[in-house]
Amino acid sequence: EEVKSLNFIEHIVEEDLANGYGQQDLRFRFPPEPNGYLHIGHASSICLNFGLGLRYNAPVNLRFDDTNPAKEEKEYVDAIKKDVKWLGYEWDTERYASDYFQQLYDWAVELIKQGKAYVDSQSSEEMAEQKGTPTESGKESPFRNRSIEENLSLFERMKNGEFEEGKHVLRAKIDMTSPNMLMRDPIMYRVLHKAHHRTNTDWCIYPMYDWTHGESDYIEQVSHSLCTLEFLPHRELYNWFLDQLVDTEKLRPKQREFARRNLSHTVVSKRKLLQLVEQSVVDSWDDPRMPTISGLRRRGYTPESIRNFAETIGIAKRENIVDVSLLEFHVREHLNKIAPRVMAVLNPLKVVITNYEEGKEEWLEAENNPGDESDGSRQVPFSRELFIEQEDFREEANRKFFRLKLGGEVRLKNGYIIKAESCTKDTDGNILEVQCTYDPKSKSGSGTEESLRKVKGTLHWVSIAHAVKAEVRLYDRLFNDENPDGHKDKDFMEFVNPDSLKKITGYLEPSLKNAKVGDRFQFQRLGYFNVDTDSTAENLVFNRTVTLRDTWAK
Ligand code: ATP
Ligand code: MG
Ligand code: MG
């Protein structure tokens with residue numbers, strides 16, 4: 001039974017199926033360039049392509065678009081594979097554009113032989129000058145009419161490493177008067193004396209994106225090659241290159257475009273994210289403040305929450321900025337279902353229960369998940385000296401303050417009703433300690449009349465003697481501007497939020513002592529937290545994934 005409505009790409013596929021494509025003709029690919037880590041924008045493309053694969057039971061290739069050895073590395077290949085897997089997808093085959101370097105070279109030679117490509121020996125400045133403008137035709141290169149023999153010989157010598165970078169390029173001979181600037185004799189190959197992460201020094205000429213992408217799709221027999229909107233003007237060139245080669249027996253790939261997704265208060269561009277790493281604005285690509293998949297994972301996001309986010313925003317024909325709060329909504333929604341509730345105090349204020357026996361402790365039963373009884377319960381220790389949050393106590397407050405005030409009562413979660421009797425202050429007036437009394441008959445769950453008594457506020461707390469100390473990392477937005485990339489006169493780096501990370505010491509209930517890297521919890525009333533990769537048995541480190549919705553009365 002169909003629940004979800006089709007997006008416009010799925011409509012294109014449906015139309016193709018109606019017009020003669022067989023189900024077995026469908027094949028998709030996700031084509032990252034291994035020049036950085038994947039980010040939340042890529043998640044949209046991953047979910048789209050792999051989602052199509054699942055919907056149509058069609059294979060999806062993971063294709064590394066590795067044609068620029070200057071920026072690409074094995075480290076990035078490995079990180080990309082890990083992230084795609086973590087998001088929950090399986091590719092059919094792992095492919096590399098570099099696998100096709102020989103085939104692409106052979107086809108380029110074919111094009112030269114057909115008089116459709118030539119070696120240009122001008123500087124890039126000269127070529128740029130001749131390109132013209134969208135309203136003004138370009139000028140033909142003086143090398144455009146080189147003989148086929150000379151082109152073949154020069155191209156081979158380029159390949160053999162006889163020329164330095166920039167000396168010659170291979171260009172397609174298309175049309176210098178085309179209204180589409182990309183059709184004005186685009187470059188197909190340039191000389192680059194750089195080792196490649198896979199082909200090492202086998203090649204010193206490298207194919208350009210436009211020459212590589214469509215032909216790679218063709219080799220892999222990808223039916224629908226989906227890319228972002230900036231490639232719309234490239235479609236004509238994509239098709240031109242295919243026209244020169246296509247064997248009519250084989251399926252001809254189609255390029256179709258969808259809008260890039262941007263997220264507010266961050267940047268989604270590998271180049272810019274690399275800049276944040278290189279300039280130490282963040283610690284690494286997987287810094288929990290980064291909008292990378294690895295950063296979100298380390299922050300405590302779940303694959304489901306990212307997939308649901310991508311599914312909700314869907315795909316569009318126009319670029320826009322999605323508010324980061326929507327991403328936060330999805331992780332909250334998922335963690336609300338799966339994260340056990342625990343108690344931790346991040347900004348401690350000492351409470352002494354004066355009528356509770358010194359040295360006594362008792363263990364109280366606490367539910368792990370009020371939404372799911374099958375998650376069971378655990379024991380939390382109670383004693384005479386406790387921590388509550390500083391924000392949860394005031395000497396005086398109006399009736400809307402449902403926390404603790406002098407003369408007032410609150411319930412301690414899973415525990416007793418306490419009443420604040422007095423407090424101690426330092427000479428500056430800071431409150432150091434609150435003295436309370438408790439009602440011994442009011443224990444939660446004991447069934448007594450007192451335990452059922454309604455008091456306005458419920459506070460979380462920890463027993464000081466039993467508390468486990470941990471480093472807690474609180475994150476704020478990495479940029480102070482909604483669209484740091486969107487200013488003509490200012491660089492995005494000017495909007496970096498200098499206070500995006502705060503490290504504090506938290507006091508946790510002792511059940512958290514053995515928490516493992518990646519474990520996720522709700523610290524009641526504070527938010528969702530997970531154990532960071534920096535965490536050790538001796539020094540626990542927690543990240544705040546996201547705060548809770550502000551539903552708790554303040
Ligand atoms: P970046 O500028 O971050 O390097 P890119 O488009 O150059 O982005 P690729 O590695 O080429 O990065 O991207 C792989 C695929 O993911 C491409 O099909 C690309 O169009 C898509 N993609 C990249 N960024 C986004 C985004 N923000 N929203 C949707 N799809 C994206
Ligand atoms: Mg790209
Ligand atoms: Mg890029």
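**Briefing on the predicted model**

Ser269 is found in the loop between β10 (261-263) and α9 (270-278), where helices (H or I, at least four residues) and strands (E, at least two) are DSSP runs numbered from the N terminus. This is a predicted model, in which local features need pLDDT of at least 70 and side-chain atom pairs count only at pLDDT 80 or more, whereas totals for chains, interfaces and linings use all residues. Residues are numbered from 1 along each chain as its sequence is written, while chains are lettered from A and ligands numbered from 1 in the order in which they are written.

**Listed binding-site residues**
- An unreviewed UniProt entry lists Glu33, Pro34, Asn35, Thr228, Val268, Ser269 and Lys270 under "binding site", and such annotations may be inferred rather than shown by experiment.
- Pro34, in the loop between β1 (28-30) and α2, counts as buried because it has 24 C-beta neighbours inside 10 Å.

**Ligand 1**
- Ligand 1 is surrounded by 15 residues, the closest being Pro32, Gly41, Ser45, Thr228 and Lys270 (a residue is near if its C-beta atom, placed from the backbone, lies within 6 Å).
- Two or more shell residues come from each of α2 (40-56) and β8 (224-228), and α2 gives the largest share, four residues.

**Domains**
- Between domain 1 and domain 2, whose bounds come from an automatic or database assignment, 22 residues of the former are in contact with 21 of the latter (C-beta atoms, placed from the backbone, within 7 Å).

Methods:
Contact = placed C-beta atoms within 7 Å. Buried ≥ 20, exposed ≤ 12 C-beta atoms within 10 Å, placed from the backbone.
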